[in-house]
Amino acid sequence: MSKKKLSKVTVILRGYSYEQIKCVAQTLISSSINSIEVTLNSPDVYESIKKIKQDFPELNVGAGTVCTIEEVMSSIESGVDFILSPINLSKEAIELCNKNDVVCVPAAMTPSEIYKMFQYGADIVKIFPATAVGAKFFKDIQAPLGNLELMAVGGVNGDNAKEFLANKCNYLGIGSGIFEKQDIKDMNMERLKLSLNKFIENVEV
């Protein structure tokens, strides 16, 4: 088994039920976006991840807001393809992901933190909150450190996504920047598809 490759955009789903997550997953099928992050502060999160993995094997399904090695272990046991964290992760947590072919995406903001996470074995480093440092930061940080697999998360949406990508940002993690929260809650498939198509067309992903 080898690690899956995340799509350029990961959809972040926070606080939604399995049925609501499933509705978003159905919307993404056959689109260029195939990565879904379910945050750990969602109801019955590990069970939801297991079910989504079973129902949509073609999608990358990950756990988000992962902070401890115990949460990393529980996420791996639920069958995730990747984990995202809002903080630096320990070397042990990152190595655990590597041993289990799970893409590991810890967060960082400073050059030292970014460098440390890659030294520990991170696959991608999430710059969070991305809009606090701006799109140009992604290009600037790679001048001294070389090409890095970086993800922008926090305030990214259809209006600024292209700017991040143009500044050597490889991946985007987007929550409410694609879909309207109410549309997800209402499981309004028609409106979800319209929002997705509009985002893909605007950002050209």
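Me: Before we look at the rings here, what makes two of them pair?
Reply: Rings of Phe, Tyr and Trp pair if their centres lie within 6.5 Å, and in this predicted model Phe 137, Phe 138 and Phe 164 form one aromatic cluster.

Me: How many aromatic pairs turn up in the whole structure?
Reply: A search of the whole structure finds two. One of them joins Phe 137 and Phe 138, edge-to-face, with 6.2 Å from centre to centre and 90 degrees between the planes. Phe 138 also pairs edge-to-face with Phe 164, at 5.5 Å centre to centre and again with 90 degrees between the planes.

Me: And which parts of the chain does that pair of Phe 138 and Phe 164 tie together?
Reply: Phe 138 lies in helix 7 (residues 136-145) and Phe 164 in helix 8 (residues 161-166), so the pair links parts that are 26 residues apart in sequence.

Me: Are Phe 138 and Phe 164 buried or exposed?
Reply: Both Phe 138 and Phe 164 are buried, and Phe 137 is buried as well.

Me: Switching topic, where is Ala 122?
Reply: Ala 122 is in the loop between helix 5 (111-120) and strand 7 (125-127), and it counts as buried because its relative accessibility is 9%, where the cut-off is under 20%.

Me: What is Ala 122 in contact with?
Reply: Leaving aside neighbours within four places in sequence, Ala 122 is in contact with Ile 94, Cys 104, Pro 106 and Met 117.

Me: Last one: how do helix 1 and helix 10 cross?
Reply: The axes of helix 1 (residues 18-28) and helix 10 (residues 189-203) come within 10 Å and cross at roughly 50 degrees, so the two helices are oblique to each other, and their crossing is right-handed.

Notes: Residues numbered from 1 in each chain as written. Predicted model: local features only at pLDDT ≥ 70, side-chain atom pairs only at ≥ 80, totals over all residues. Heavy atoms only, no water. Axes fitted to C-alpha atoms, helices over the stretch in contact; angles between N-to-C directions. Helix = DSSP H or I, 4+ residues; strand = E, 2+ residues; numbered from the N terminus. Parallel < 35°, antiparallel > 145°, perpendicular 65-115°, else oblique. Left-handed = near helix turned anticlockwise from the far one by under 90°. Buried < 20%, exposed > 50% of the residue type's maximum accessible area, 1.4 Å probe, protein only. Contact = heavy atoms within 4.5 Å. Phe/Tyr/Trp six-rings, centres within 6.5 Å; stacked < 30°, edge-to-face > 60°.
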